[in-house]
Amino acid sequence: MSADLRTRLGQLELPSPILAASGCAGAGRELAQFTDVARIGAVITKSLTLEPRAGNPAPRLAETPSGILSSPGLQGPGIDGFLQRDLPWLLSRGARAVVSIAGHTVREYAELAVRLSDSAGVSAIEVNLGCPDAASAGRPFALDPAAAGQVMTQVRGSARYDIPVFAKLSPEVTDIVSVARACVSSGADGLSLINTVPGMSIDPVSLRPALAGIFGGLSGPAIRPLAVRCVWQVREAFPDVPIIGVGGVRTGRDAMEFLVAGAAMVAVGTVLFHDPSACSRIQRELEEELMAHGVDRVTDLVGRAHESAGFAVDRLSWS
Amino acid sequence: MAPVQVRGTVLTVRRVDAYVAMTVVAPAIATKFRPGQFVAVAVGGPSTGMLARRTFSVHDVRPDHGGTVEFVFLPREPGAEWLADCRSRDVLDIVGPLGRPFPVPRDPASCLLVGVGPGTAPLFALAAKLAERGCQADFLLGAESADRVFGALTAKRTGRVAMITTSDGSLGSRGSVIDLLPTVVQQARTDVIYASGPLGILRAVSGLAGRYAIPVQALVSEPAMTCGTGLCMGCVLPAVGTDGITRMVRACVDGPVFRGDLVRWDDVGTIPFDALGAPGWKSRGGAGAGAATGATPAPEERKHVG
């Protein structure tokens with residue numbers, strides 16, 4: 001017997017709740033050498049911009065305890081290159097594409113949503129709200145509920161009705177629920193929690209910042225408890241909004257932690273740098289965990305940690 | 001050609017002067033390997049806090065035990081120290097062979113192999129392959145001191161010429177490989193240069209070779225790689241494409257071997273203003289969207305936006 005990992009994303013059925021996280025899997029091509037991209041839930045692409053971007057100078061990454069500090073600066077081919085080369089390739093491999101978009105103005109986000117809606121095969125849009133807002137002196141959209149809401153209103157209004165739109169939020173706020181509320185009330189169909197956490201590291205030899213961009217986003221197992229807390233809080237506030245949990249997932253057990261905290265899907269990111277076949281492995285481990293807990297369907301697990309202890313025990317003993 | 005991820009058993013760990021040479025049983029990697037390619041090794045065990053893979057040029061592959069891979073490193077940082085402490089029969093998670101190998105001439109040619117420090121290691125497999133093609137291989141090796149010159153004996157044994165330089169003069173002549181390069185190139189009538197070492201050396205070799213109109217294939221080891229597989233976008237450097245456009249290319253998948261004349265050595269560690277997608281860069285001058293973003297230079301180029 002094997003557990004049923006199928007998960008719904010909008011109108012779509014995914015074979016698994018395990019996704020490849022944005023920015024850690026390119027557009028799937030490199031990943032496909034180590035993982036069958038058709039068998040994981042979806043590939044969330046590296047955030048796309050309207051124009052090609054060269055990104056930030058090197059060094060862009062630094063290893064920190066159980067984490068990676070990074071500031072690649074959105075290097076990418078731009079939407080045209082993606083639609084011409086990357087999306088058709090992903091679809092030809094039988095993979096599902098969740099396309100992450102990034103902009104510096106509300107208009108850029110909206111235009112990206114329009115462009116993606118015009119092309120077939122986009123399973124969902126993930127709106128990377130971690131980008132600096134040109135209209136508010138470079139403050140990221142995700143830090144301001146009003147700015148985040150504006151972006152989501154525009155993207156939801158521009159994207160085709162049957163493409164679910166997820167907002168990716170930053171944990172660097174005093175109240176993540178208020179940002180989540182702004183996004184949900186502006187039409188976001190779901191939320192991705194969390195983006196990287198700003199951090200810094202100094203090279204012990206040169207005594208200079210380790211990254212050319214000075215600050216970077218911290219990711220990896222170091223931030224997992226932070227991500228689980230955010231998922232839990234948002235799930236408490238909006239039990240019906242689907243959540244993609246992301247932040248330091250390394251094993252099937254970690255993925256299960258996100259699921260029971262309230263995530264419907266779990267994205268694997270930084271750990272792919274360490275183990276490029278992590279998505280398949282975590283999927284397998286998750287299946288084993290489900291069977292060990294006597295759970296038949298992964299959807300039965302979502303949000304289970306929120307149930308009162310008495311009820312949870314009761315359910316386990318009857319199943 | 002596609003790389004594989006395998007669990008390889010450590011066969012031997014040897015000290016070679018300042019270096020550690022590690023041989024791992026990995027037939028799937030050994031059979032696909034071509035000189036210049038590298039492996040990416042996970043360090044620290046299954047629940048390690050060190051998430052970056054350590055990447056090493058392959059020194060040699062041998063057919064024993066179905067296929068072994070050997071790489072060489074300086075145990076200078078925690079990940080490499082952990083590796084150096086591994087013993088025979090330990091099992092490593094290793095990905096390879098990765099990257100673009102050294103292209104080799106179709107017809108016999110006089111080749112000069114320039115290596116500095118640990119960058120010397122990948123040159124010996126190349127020399128063997130060049131010999132198969134009937135090419136002459138001359139070595140010009142350098143390091144800070146005698147214990148950092150890797151493979152001096154092998155070079156003397158297998159090369160037509162083997163010149164050694166050290167910064168402190170403890171082996172060969174005092175100075176840098178760059179000091180000897182013009183003389184060696186002229187005396188050996190070099191047709192092709194293969195270079196592997198720090199960026200400064202590669203820049204100087206490429207510059208000199210350009211003056212003599214000799215093609216250079218340079219193996220870069222900076223900027224440091226984090227994943228080795230093309231996922232993390234960390235190891236980028238500016239290189240000119242055959243279409244004349246500068247792009248930020250990844251050393252791990254577009255390299256690590258590059259044509260020396262195509263890498264913009266002076267601009268490594270920067271985003272050249274004319275690179276594709278650099279701030280202020282204009283696309284085709286067409287679409288309205290392009291004009292809009294072009295007019296608003298991304299203000300946060302040096303901030304975290306990822």
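This is a predicted model: local features need pLDDT of at least 70, side-chain atom pairs count only at pLDDT 80 or more; totals for chains, interfaces and linings use all residues.
1. Two strands pair if DSSP finds at least two bridges between them. Strands here are DSSP runs of E with at least two residues, numbered from the N terminus. With that in hand, strand β1 (residues 4–16) of chain B runs antiparallel to β6(B), and 6 bridges join them.

2. Residues are numbered from 1 along each chain as its sequence is written, with chains lettered from A and ligands numbered from 1 in the order in which they are written.

3. Now to the barrel. In chain B, 6 strands form a closed barrel with antiparallel pairing, in the order β1-β2-β5-β4-β3-β6. Neighbouring strands of this sheet are turned by 45° against each other on average, direction ignored; the axes are lines fitted to C-alpha atoms, and angles run from 0 to 180 degrees between N-to-C directions.

4. Chain B is assigned domain 1 (4–98) and domain 2 (110–267), with bounds from an automatic or database domain assignment. Their centres, taken over C-alpha atoms, are 22 Å apart.

5. Finally, the contact between these domains involves 20 residues from domain 1 of chain B and 19 residues from domain 2 of chain B (contact: C-beta atoms, placed from the backbone, within 7 Å). On the domain 1 side, β3 (38–41), β4 (54–62), β5 (68–73) and β6 (91–98) of chain B each supply at least two residues, and β4(B) gives the largest share, 5 residues.

Notes. Two residues are in contact if their C-beta atoms, placed from the backbone, lie within 7 Å. Helices (H or I, at least four residues) and strands (E, at least two) are DSSP runs, numbered from the N terminus.
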